[in-house]
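Welcome! Work through the exercises below with the model open beside you, and try each task before reading its solution.

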Amino acid sequence: MNSFQQVFDRWQTNKETFSSKNAWLAAEIVLATCMVLWLYRYVQLFQQVRGLYTIHSLIEVLEAPHRTKIPHIPVLIPTRKYTLQDPWKKYKTAKSDLIAYTQATTPGYAVYSISNPQVVQKVLADVLSFGKPVESMGYKQLNVFGKQLVSTQSGPEHRRHRSVVKGCFSEEVMRTVWDRSIESLDTMLSTEKVEDGGVLEHVREAMYKLTLLVIGAAGFGLKFPWSIPTTEGGSPYDVVTFHEALHLVEYHLVAELLVPVWILENFPLPSVRRLGNAQRSLRHHFKTMIATRRDALQAEQAGLGPQEKIKPPSDLLGAIVASQMDIEAEEKARGGKGTSKAGLTSEEQMGNVWIFIFAGHETSGQTLTFTLGHLAMYPEWQEKIFQEIEEVCQGSHPTYRDMNNLPSVLACVYETLRLRDLISLNQKLALKDTVLPYTTWDDLGQITNHTHTIKKGSHVLVDFAASGQNPFFYRDPHRWDPSRWYGEEGNKNRSHLFNFSAGPRACIGRRFAEVEMTAILSTLIKKVKFEPVRQKGETDEQMYDRMTQGHEVFLLTPNSFPLKFTKRQGA
Ligand code: HEM
């Protein structure tokens with residue numbers, strides 16, 4: 001019996017050793033296969049970008065929303081080579097307007113960036129060849145409240161979302177945008193007590209609030225207060241007010257978008273728990289807004305005859321909610337069968353409410369701040385705008401009807417966007433193999449034209465910022481000079497103005513932003529002159545940088561600075 005037991009035990013030990021050896025062997029084979037596959041794909045990637053100036057990196061840098069936090073590790077992660085502070089620098093080094101990037105962590109596809117305005121135009125127009133990499137982190141993170149227009153794929157999905165809101169940008173609505181912008185500016189001047197002159201301390205924060213007031217009033221029928229009260233404490237069960245929740249989510253956007261809400265809500269630090277609370281609260285507020293608007297629309301419909309339909313709402317919230325009601329009515333008429341291809345789901349409604357509030361004020365708030373910073377450093381342009389207003393409005397305040405006769409305001413805005421593009425890079429996905437033209441040049445500036453085949457699945461970064469500073473298209477490109485937006489030169493430059501993107505995926509809010517910014521800047525300049533407030537011991541150059549530079553957060557964000565206002569005579 002004993003000897004039988006011994007034989008059995010030895011067999012058992014051998015079996016275990018044998019099976020654990022086998023497990024190791026299997027793991028080694030899997031690992032080796034993965035390595036070979038990775039190497040094979042990586043070599044293929046190198047072949048794809050052959051002939052182009054290429055920047056190699058161990059990990060994804062250029063497309064990462066947190067790129068400014070990634071450390072520079074020479075050779076392995078050359079973060080500094082990607083800097084957006086001087087967007088043209090890398091193309092200047094490459095002597096090429098097309099650059100390739102390989103990333104060891106994503107050997108499956110090559111990344112390219114383009115900075116030739118003519119090629120940019122071609123890529124933006126061709127949605128059959130270039131879609132959106134909607135699965136990338138950059139776009140996915142915007143879906144924090146649900147899928148929305150910006151992150152839809154080009155084609156039927158994009159058209160479905162866009163058709164819901166396209167009626168909200170009519171001329172009639174633009175007149176409202178102008179009026180709400182003036183009212184909001186007046187609120188800012190009186191609450192900050194600078195209408196008769198004085199110092200507006202935090203211009204960037206003031207511009208964010210101002211543009212939030214405008215999109216809130218013009219798009220959502222919301223009246224935000226200028227002073228945002230804060231509720232103390234960090235209980236995850238408190239519902240903070242709408243504007244406070246929005247304020248918190250926006251000011252901590254990267255954390256809100258990258259860290260799941262349940263982690264935020266259960267984090268040991270109360271300040272972090274508060275961010276989770278804000279996101280949950282915002283969701284609650286969006287739901288309430290949608291439900292309240294729906295009740296109002298349903299009540300309106302109930303007051304009409306059976307064959308009558310309510311007028312399509314022209315505000316964004318109304319349009320988003322009504323689209324869902326139309327679908328339900330359509331499905332009811334069909335006996336509740338089938339799913340409609342139009343309208344938005346409940347999640348998509350929330351996603352779109354969020355994106356229109358977010359994209360509808362961050363972008364113009366930042367652009368206004370950058371423009372005010374530049375105008376403070378170039379008082380002659382404030383004077384030019386003022387003289388234009390005096391000539392056109394004959395001493396009165398500008399109105400929406402005057403907008404087309406005040407070209408200097410938008411010239412200053414376009415020039416600021418050209419040098420300080422907040423979006424900077426626009427990601428595209430090659431949907432098929434496509435040939436891209438590009439140019440290289442030698443030390444004497446002699447240009448040679450080439451083409452390169454971009455393989456299906458590659459990412460193409462449309463470098464709006466570098467394209468706006470391409471010296472082959474813009475004279476003295478680093479100089480802030482709004483005069484380049486007049487006459488023939490202006491027409492040519494306007495055809496290459498990509499800061500609002502172009503083609504079918506162009507910014508739907510461009511006119512909204514232009515009307516809002518013209519109303520605010522022209523009315524402000526009619527009332528006051530403004531100048532920078534010099535810090536102790538600061539040189540002219542340091543002050544210029546402080547007033548006009550920004551840093552990259554999620555978007556290129558301007559520095560915050562104070563402005564000294566002096567009331568104009570008779571204003
Ligand atoms: C200075 C102000 C603005 C700038 C520079 C700007 C820029 C842009 C850019 C570059 C895009 C393309 C993004 C992409 O393809 O991923 C875009 C799209 C978009 N923008 Fe704006 N924008 C501004 C103001 C606004 C405003 C005021 C609104 C809303 C009222 C808005 C709403 C949107 C939406 C919804 C899209 C997605 C459009 C689509 O894909 O069909 N934007 N914007």
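This protein has 20 helices and 13 strands, and the model you see is predicted.

**Exercise 1. Get an overview.** What does the C-alpha trace span along its principal axes, and what percentage of the residues count as buried?

*Solution.* 
- Step 1: Along the principal axes, the C-alpha trace spans about 115 × 75 × 50 Å.
- Step 2: The protein has 571 residues, and 38% of them count as buried.
- Step 3: Now turn to contacts between residues at least 6 apart in sequence: 74% of these join residues at least 24 apart.

**Exercise 2. Follow a sheet.** In what order do the three strands of the open sheet that includes β10 come, and which helix lies across β10 and β13?

*Solution.* 
- Step 1: The order is β5-β13-β10, with antiparallel pairing.
- Step 2: At the edges are β5 (198-200) and β10 (528-532), each pairing on one side only.
- Step 3: From one strand to the next, the twist averages 35 degrees.
- Step 4: β10 and β13 (residues 563-567) are joined by five bridges. Look for E531, which stands opposite K564 in β13.
- Step 5: The helix is α14, which runs at about 85 degrees to β10.

**Exercise 3. Explore the ligand's surroundings.** How many residues surround the ligand, and which elements give two or more residues to the shell?

*Solution.* 
- Step 1: The ligand is surrounded by 22 residues, and the closest are G360, T363, S501, C507 and G509.
- Step 2: The elements giving two or more residues to this shell are α13 (346-359), α14 and α19 (510-527).
- Step 3: Sorted by class, the shell holds twelve nonpolar, eight polar and two charged residues.

Methods: Residues are numbered from 1 along each chain as its sequence is written. This is a predicted model: local features need pLDDT of at least 70, side-chain atom pairs count only at pLDDT 80 or more; totals for chains, interfaces and linings use all residues. A residue is near a molecule or strand if its C-beta atom, placed from the backbone, lies within 6 Å of it. Helices (H or I, at least four residues) and strands (E, at least two) are DSSP runs, numbered from the N terminus. Ala, Val, Leu, Ile, Met, Phe, Trp, Tyr, Cys and Pro count as nonpolar, Asp, Glu, Lys and Arg as charged, and the others, Gly among them, as polar. Two strands pair if DSSP finds at least two bridges between them. Axes are lines fitted to C-alpha atoms, for helices over the stretch in contact, and angles run from 0 to 180 degrees between N-to-C directions. Two residues are in contact if their C-beta atoms, placed from the backbone, lie within 7 Å. A residue is buried if 20 or more other C-beta atoms lie within 10 Å of its own, exposed if 12 or fewer, and partly exposed in between; C-beta atoms are placed from the backbone.
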